[in-house]
Amino acid sequence: MKPMPDNPFLQGYYEPLTFEATAPDLVIEGEIPAELNGTFYRNGPNPQVPPANEYHFFTGDGMIHAFRFDNGRVSHMNRWARTARFKIEREAQRSLFSGMNPLETPPEYLDFVLNDKEGVANTSVVYHGGRLLLLEEGHLPFEMDPDTLDSHGAWNFYGKLNTTMSAHPKVDPANGDLLFHAYMASGPFSDDLGYYRVNRDGFMVESHIFKAPYASMVHDFVVTENYILFPVMPITGDMNRAMEGKPPFAWQPDVATQVGVMPRNGTPDDIQWYEGDACYVFHFMNASDNNGVITFEACHFDSPPLFPMADGTPTPPNVHPYLCRWTLDLNAASPRVKFTQLAGHGAEFPVVDPRYAMRDYTHGWYTSTDGKIPALIPDSDAVYNTIMHFNVKTGAEDAYAFDSGYVSEPMFVPRDGAPEGEGWVLSCVYDFSTNTSALCVFDALNIAAGPIGRANVAHRVPVCFHGTWKPAG
Ligand SMILES: [Fe+2]
């Protein structure tokens with residue numbers, strides 16, 4: 001195999017692994033709590049061969065890392081998702097489908113790309129209804145065995161899901177329902193959204209397709225006890241623009257944000273759309289509603305990274321997301337989405353106590369930076385080396401910054417029967433000095449004390465996007 005091309009998203013903590021391995025008993029420093037039992041899955045892009053076209057790190061082959069916690073011991077496995085695309089490229093021993101633009105595909109594979117149901121399965125992962133599903137918002141979910149990580153293929157909920165599925169489903173702690181949305185639901189660059197509800201046993205019980213105000217990348221959505229919200233922000237998608245040789249996806253700051261609000265017991269006919277200023281959010285932390293006033297916390301970009309302007313020129317450099325409260329008062333004379341900055345530091349990959357999802361809550365955790373480690377990516381924010389706990393009621397911060405570490409999305413695991421926020425925060429941390437990673441465990445309400453235990457992996461775990469926790473049993 002040739003070396004990876006000169007692309008910052010293929011170097012350092014992004015550099016793909018070239019192997020799959022099983023490490024049955026990682027070396028532990030400190031102490032892993034004996035009552036922390038289950039599996040922490042992480043999913044991220046790990047191209048198996050050097051990309052042929054300009055690489056976008058949303059397009060690498062999905063690889064799952066599974067950390068299994070068992071009475072103070074931790075094992076680690078990594079496996080590629082053996083998608084249709086993965087198998088074709090493995091057979092060909094070269095890259096065929098690497099770009100964001102499907103029109104860059106060799107002509108003989110274009111029909112495959114346009115009809116492929118599995119994609120690269122590289123963005124997120126959820127365990128629900130007895131199935132481990134890898135999610136990548138452009139295609140169907142991809143099922144893997146939760147224990148062996150053997151690939152099972154695309155899963156369509158017994159034939160009921162005929163669109164894509166987003167990478168950010170929500171589980172309602174009240175009943176175990178899985179709620180999710182789809183964007184560009186009728187095909188690449190379409191302006192259709194989908195909304196689905198799957199019951200705790202894995203059966204789809206609600207399914208809708210409806211029009212968005214415009215075709216855009218709707219990465220995440222928002223759920224409260226009484227409402228479903230569809231935030232449509234202007235990273236627009238346009239096939240005609242792509243055919244003119246311009247970016248298929250682009251930031252259009254002259255286009256307003258629109259948030260669609262649907263009652264939980266309603267249908268798309270009930271959706272009302274409300275405007276806000278142009279902005280972009282990849283990830284919302286949590287949301288609640290109180291007498292028609294909806295509030296939700298977001299990792300908010302004034303303008304987004306990673307995507308160009310519609311004419312192909314770059315967006316402003318050195319942008320960073322910050323924690324921002326969105327408020328929508330449905331009782332107002334002319335409701336509009338309003339933004340209030342909560343903290344100035346960088347904020348991405350937010351999580352909450354899952355028992356308080358969709359409800360009034362106090363505690364959130366996310367990745368941040370103290371600005372001390374320069375970024376590997378030119379013109380981008382400093383390395384995210386900090387785990388942050390933020391009290392959304394008081395604004396109190398509780399942070400730990402690694403001297404030479406890149407932190408990944410935290411995962412909160414509650415202690416059985418404990419009040420909100422009591423439990424542990426897990427994060428897979430890359431160490432620049434050793435080019436290896438460690439799974440670090442924090443006391444969730446005392447992040448500043450640093451990890452109470454770490455399980456050392458003998459090699460790098462490349463940057464992953466999202467993960468999930470499956471309790472033992
Ligand atoms: Fe995401």
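**Reading cores and sheets in a predicted model**

Q: Which residues of the largest nonpolar core touch the most other members?

A: Among its 120 residues, Ile64, Leu134, Leu229, Val281 and Val425 touch the most other members. Nonpolar side chains tend to be buried together in soluble globular proteins. Here, a nonpolar core is a set of buried Ala, Val, Leu, Ile, Met, Phe, Trp, Tyr and Cys residues joined through C-beta atoms within 7 Å. Buried means that 20 or more other C-beta atoms lie within 10 Å of the residue's own, with C-beta atoms placed from the backbone. The model is predicted: local features need pLDDT of at least 70, side-chain atom pairs count only at pLDDT 80 or more, and totals for chains, interfaces and linings use all residues. Numbering starts from 1 along each chain as its sequence is written.

Q: What is Leu229 in contact with, leaving aside neighbours within four places in sequence?

A: Contact requires C-beta atoms, placed from the backbone, within 7 Å. Leu229 meets Phe221, Val222, Val259, Gly260, Val261 and Ile294 in this way.

Q: In what order do the four strands of the open sheet stand?

A: Strands of a sheet pair through backbone hydrogen bonds, either parallel or antiparallel. Strands are DSSP runs (E, at least two residues), numbered from the N terminus, and two of them pair if DSSP finds at least two bridges between them. This open sheet reads β20-β21-β22-β23, with antiparallel pairing. β20 (280-290) and β23 (338-346) each have a single partner strand, so one side of each lacks a neighbour in the sheet.

Q: How many bridges join β22 to β23?

A: Five, with β22 covering residues 322-329. Cys324 has Gln341 in β23 as its bridge partner.

Terms used. Buried ≥ 20, exposed ≤ 12 C-beta atoms within 10 Å, placed from the backbone. Contact = placed C-beta atoms within 7 Å.
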